[in-house]
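User: Please go through the structure shown below, giving the cut-offs behind each term.

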Amino acid sequence: MWTRAELKHRGKAAFKRNYWKTVLVAAILSLLTYSSSLPRGSSDASSKGLSETTHMLADPASALSTNSQLVAGFFVGIGLTALVVIAVLGILIGVLLVLPLQVGCQRFLFLNLREPANVREVLWAFDSSYLNIVKVMFLRDLKIFAWALLLVIPGVVKAYEYRLIPFLLAENPALSSAEACEQSRTLMDGNKWNAFVLDLSFIGWNILSHLTLGLVGLFYVSPYENSTNAALYEALRYGNDQTSALPEK
């Protein structure tokens, strides 16, 4: 049975042993996590712009002349089309680029627990069952999103249930979506609450990171927390048999 202290000690030791590379990979992973929310923001902006434009055109008091309305409508249409194109491109980039990079980052962090890993592991997914990794990761995010539409709590539960899928793919990129979900669900069974408490244990560090404008987060908290997450996967999958936790290169 794992403890928070053991995982955090292992994660801290791993990232300190390969400090600058782990800082870089953790920064990339944080950037990827942030960027994955941008397409939705663009879509929201499009909807807001369409609503405001419709309201303006429907208000007689603020109506322009007929010709002016046509010209305004033309440019508004171009603007909205551009926003839609940007949103679609953002989604494609997220699916085809961000998701495999996330798996590569997790592979680096996992390998780094045993010995100093190379940053090139971040690109590993592009040469290892790339399309399958993209499909499985996309379906994982889609399932979590669908559950979150019902209520917030079911979405959070599913996020923890499928938390280990990137690590599983980092070891076996040929896993199907059903297999990856089932294996992650099995490993997280009875561990979701403890994993949640593990995440909460970093709140103090994250507050300090915000107070230092992200500097502490970049150079300490993010690599520390991400390495600890890799240690959690290792503990749940292999227990004390850590020699088995190194994927073939």
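Analyst: A salt bridge is a side-chain nitrogen of Lys or Arg within 4 Å of a carboxyl oxygen of Asp or Glu. The model is predicted, so local features require pLDDT of at least 70 and side-chain atom pairs pLDDT 80 or more, while totals for chains, interfaces and linings use all residues. Residues are numbered from 1 along each chain as its sequence is written, and side-chain values use heavy atoms, with hydrogens and water left out.

User: Which elements does the chain have, and how many helices are there?

Analyst: Helices (H or I, at least four residues) and strands (E, at least two) are DSSP runs numbered from the N terminus. From that terminus, the elements run α-α-α-α-α-α-α-α-α-α-α. The chain has 0 strands, and its helices number 11.

User: What is the relative accessible area of R140?

Analyst: R140 forms a salt bridge with D141, and the closest N and O atoms are 2.9 Å apart. D141 is partly exposed at 29%. R140, by contrast, is buried, because its relative accessible area is 12%.

User: How many residues apart in sequence are the parts that E161 and R185 tie together?

Analyst: The side chains of E161 and R185 meet in a salt bridge at 3.1 Å, N to O. E161 lies in helix α6 and R185 in helix α8, so the pair ties together parts whose separation in sequence, in residues, is 24.

User: Which residues join E161 and R185 in one network of salt bridges?

Analyst: E161 is buried at 8% relative accessibility, whereas R185 is partly exposed at 28%. A further salt bridge joins R237 and E171 at 3.0 Å, N to O; R237 lies in helix α11 and E171 in helix α7, so this pair ties together parts 66 residues apart in sequence. Through shared partners, E161 and R185 belong to one network with K158 and E182.

User: Is N191 buried or exposed?

Analyst: N191 is found in the loop between α8 and α9. A polar atom of its side chain lies 3.1 Å from the backbone oxygen of L187, and N191 is also in contact with W2 and L236, its neighbours within four places being set aside. Because its relative accessibility is 11%, N191 counts as buried.

User: Where is L123 placed?

Analyst: At 53% relative accessibility, L123 counts as exposed. Its place is the loop between α4 and α5.

Conventions:
Buried < 20%, exposed > 50% of the residue type's maximum accessible area, 1.4 Å probe, protein only. Polar contact = N/O pair within 3.5 Å; in protein donor to acceptor, adjacent residues only side chain to side chain. Contact = heavy atoms within 4.5 Å.
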